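Here are some short notes to read beside the model. Please keep the 3D view open as you go.

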Amino acid sequence: MAGVGVKLKRIYEKKSITASVFGIGYSVIITVAPILFIVVSVWAMEKVLGFANESYLTRDLFSSMLLYIFIFSLLAVHLLFSPVLSRFVQDAIFEERYGDVMPCYQIGLLMTLVFGCVPGAAFSLWVHFVGGVEAGFVFLGYCGYTAMIFVLYSMIYLSICKDFEKISLFFLIGMAAAFFLALLLRFGLGVEVTYSLLAALAAGSLLIGVLEYTALKSYFPENSGQYRLVFTYCRKWWMLMVSNFFYILGLYIHNFVFWSHETGRVVAKSFLCNPNYDVATYIAIFTSISTLIIFISSVEMNFNRKYKTYSEMVIGGKRGDIDTAASRMFRQLSEELINLVRLQFIITVTLYLLYVVILPQMGFAGGIMRIYPCLAAGFFILFIMYAAIHFLYYFNDFIGAILATAGFCAITFLGSILSMRLPEIWYGLGLVLGAFAGWTLAYIRLRWIERNLNTHVFCEGTLLRHEKREMPDSRVYDRENRTVSE
């Protein structure tokens, strides 16, 4: 999301109510539009195709397959490689090495597909042979899973190119095509409802991925063939991969814990889920998702200027100017965090009150609404934690990022195990504790950087070049020959 603030800055510079409303609408569209298109498309297909008339087992199996497709495709794409690949592409564009982008895309796609599709194939075989699910249904689900990996992976590169409107357009086209294909399969060819839905979603996802790849290829038509550079980056920035791994795993680990709870379900001896907890999680994410919008726009319009000024002072400024720029930068950082908490608190409370009133009338009641409040508080803290970790990345403090994300993941896991024994209203306590622990560690680390900024910036290099070779002779001076050794 690195270029959202640039567009928003142009909008807000007009300083009018209309511009503010348009800016908020633009932020919402580019961040949640792809998700909304998928949700609306699936809901419309289910309504038109008469999905509600299917048996309970069939509906449960389809819902479980859809849940696994989206969760594990996200994990496959973002769990390991995405941050390093993003950094490689950003550096290549900054250094005008445009021919290196497509090698990164291709080798990264291969690694992601191997990382995601091999376990996916093993699970699909388990679902068929152990769960007794029809081979055609499993195959279509696997195709949808692979296509979604392709879509989410290609989104990374288009996001770096700041082409957010085009991403939303591609999702609109793909999901519209999926809707009409589902109608054709069901009413034109007489295919079963669940098969029509899965086939249409897989085809629509593949279309989105192809459109994304075509757009990316038009931006970077050249291919330098420098595939080994990608592996060099993975080795160099491995700590970035580790911190991202803990963060992404922590986002879902509390769901995995509650899948094993007594209120969870096992579908076809294969799919684990907990409908009440999963739906409550989904609603809680949407309650606080605006945190990312506020943070992205605010950081790029305000903090980034202070950070750029400090960087310029480091390159060629006086000691006094460097200290002044550093002081202003950290003052702005504190203001960004405080403003983010203040604004998001107002938004979260407002949305919470609306959800409590509206959602029960739409059928979301009972256990879902009892679990939701604690999870909403957890995601509120979690996205604030993400903001603090993002600032750690600004200063290349990967050790601090690993400490914060690892603490977040570990405490969320242990807290979720503990909260399973509590009443429903406290089921989300594990996420609250984990997010608060991660936020605390990230904030402490930011303050440590502030106190030791000069050491962190000026003393991280080395005066001697590191090489791997045989150790030279320890003899420095040969007294007899009176020669100095190399």
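How many cavities of 30 Å³ or more does a search of the whole structure find?

1. The search finds one. A cavity is a set of points on a 1 Å grid over the protein atoms alone, where a 1.4 Å probe fits but cannot get out. The largest cavity holds about 90 Å³ of space; a volume is the space filled by probe spheres set on the points.

2. This is a predicted model: local features need pLDDT of at least 70, side-chain atom pairs count only at pLDDT 80 or more, and totals for chains, interfaces and linings use all residues. Residues are numbered from 1 along each chain as its sequence is written, and side-chain values use heavy atoms, without hydrogens and water.

3. Look at the lining of the largest cavity, where residues have an atom within 4 Å of a point. Among them are Ile38, Phe70, Met148 and Ser205. Helix 3 (56-78), helix 6 (135-160) and helix 8 (193-219) each give two or more residues. Helix 8 gives the most, with four. Helices are DSSP runs (H or I, at least four residues), numbered from the N terminus.

4. The lining divides into ten nonpolar residues, two polar and no charged. Gly counts as polar here.

5. Turn to the rings. There are 33 aromatic pairs, meaning rings of Phe, Tyr and Trp (its six-membered ring) with centres within 6.5 Å. Tyr105 and Tyr157 have ring centres 5.1 Å apart and planes at 75°, so the pair is edge-to-face (over 60 degrees). Tyr105 lies in helix 5 and Tyr157 in helix 6, 52 residues apart, so the pair links distant parts of the chain.

Conventions
1 Å grid on protein atoms, 1.4 Å probe; cavity = no way out; pocket = protein on both sides within 12 Å on 5 of 7 lines; lining within 4 Å. Phe/Tyr/Trp six-rings, centres within 6.5 Å; stacked < 30°, edge-to-face > 60°.
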